[in-house]
Amino acid sequence: MSEQLKELPVPRYLPKEQKLRSRELYENVFPEDSRRFVDFYYEYKTRDNEILALEEDGQMVSMLHLNPYTMILNGYEVKSNYIVAVATRKEYRHRGFMRLLLEKALRDMAALGIPFVFLMPASELIYAPYDFVWICRHTDLPGRVLQMDAEKQNEYLAMWYQMFCKRDARYMENQKAEHLAEEGEIPPVKIPPYMARITDVCQMLRLAGSRQEKTLYLQVKDPVIKKNDGYFLWQVSEEESRAERLAHNPPRLDFVLTVGELAAMIFGSFRICLSEMV
């Protein structure tokens, strides 16, 4: 291990009473966000999220936020996180802080069995090296849908999409507060598409489906998450999908994929609706 790596600070999740300390860094790195929006964010979104941070010289120097969502994917409810507010103080950049935070967060979510995470990147170049792939564009839902209650929105989305964020009381409360915070603001000219990253290969494969019954042997390469790096048996049909990690070499290999290539293959088969900004 190099001297540079030994000197890196240790990331930690901020306890609830310390989350507000990250606001100064947020405002420092994202000056384009209005005070009203930041007020909304720290009142509503930090109630449920996790903030992974690095501190050095007595101040917070780098962070990322994991905002939780319940996803509906092929009719299943699964937990996921939307990675937002990835920020490093300017004078501390290019020292590996973002890599340290991101890899820690990915491994922790894998340990929890969370199948995937998603984000809206400032630049593809930041996240592609970590096997994040494009999955969909921002979806502008019709106004009549946005006026529906949570149950009706879920019914509408389930008719048209295979993957979306589940609407519930907390979701609707947050969305209403966010819209109020954005009133009078100039909307962004262009909203980037979303990227996603598989954090648990077996869980992700179990959410996929196929019109044809198949038994496939996969080799997945994941340099970040150890349990994703290896051989897998995937048995899939229109009715169910089963997957397991193999302890030994399989009798054959149908696909050899990076975890990013696997994500592109799976997400590319879904009709996805995402319209969340934070």
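Ala, Val, Leu, Ile, Met, Phe, Trp, Tyr, Cys and Pro are counted here as nonpolar, Asp, Glu, Lys and Arg as charged, and the others, Gly among them, as polar. By these classes, the lining of the largest pocket has 30 nonpolar, 9 polar and 11 charged residues. The model is predicted, with local features requiring pLDDT of at least 70 and side-chain atom pairs pLDDT 80 or more, while totals for chains, interfaces and linings use all residues. Residues are numbered from 1 along each chain as its sequence is written, and side-chain values use heavy atoms, without hydrogens and water.

A pocket is an open set of points on a 1 Å grid over the protein atoms alone, where a 1.4 Å probe fits, with protein on both sides within 12 Å along at least five of seven lines; lining residues have an atom within 4 Å of a point. The largest pocket holds about 1,700 Å³ of space, a volume being the space filled by probe spheres set on the points, which are joined across faces, edges and corners. Closest to its centre, of 50 lining residues, are Glu-32, Asp-33, Met-120, Met-277 and Val-278. Strand β4 gives the most to this lining, with 7 residues (strands are DSSP runs of E, at least two residues, numbered from the N terminus).

Leu-73 has Tyr-76 in β4 as its bridge partner, and Asn-74, in the hairpin turn, has a positive phi of about 55°. Strand β3 is largely enclosed by the rest of the structure, because 13 of its 15 residues are buried (under 20% relative accessible area, 1.4 Å probe, protein chains only).

Methods. Helices (H or I, at least four residues) and strands (E, at least two) are DSSP runs, numbered from the N terminus. Buried means under 20% relative accessible area, exposed over 50%, partly exposed in between (1.4 Å probe, protein chains only). Two strands pair if DSSP finds at least two bridges between them.
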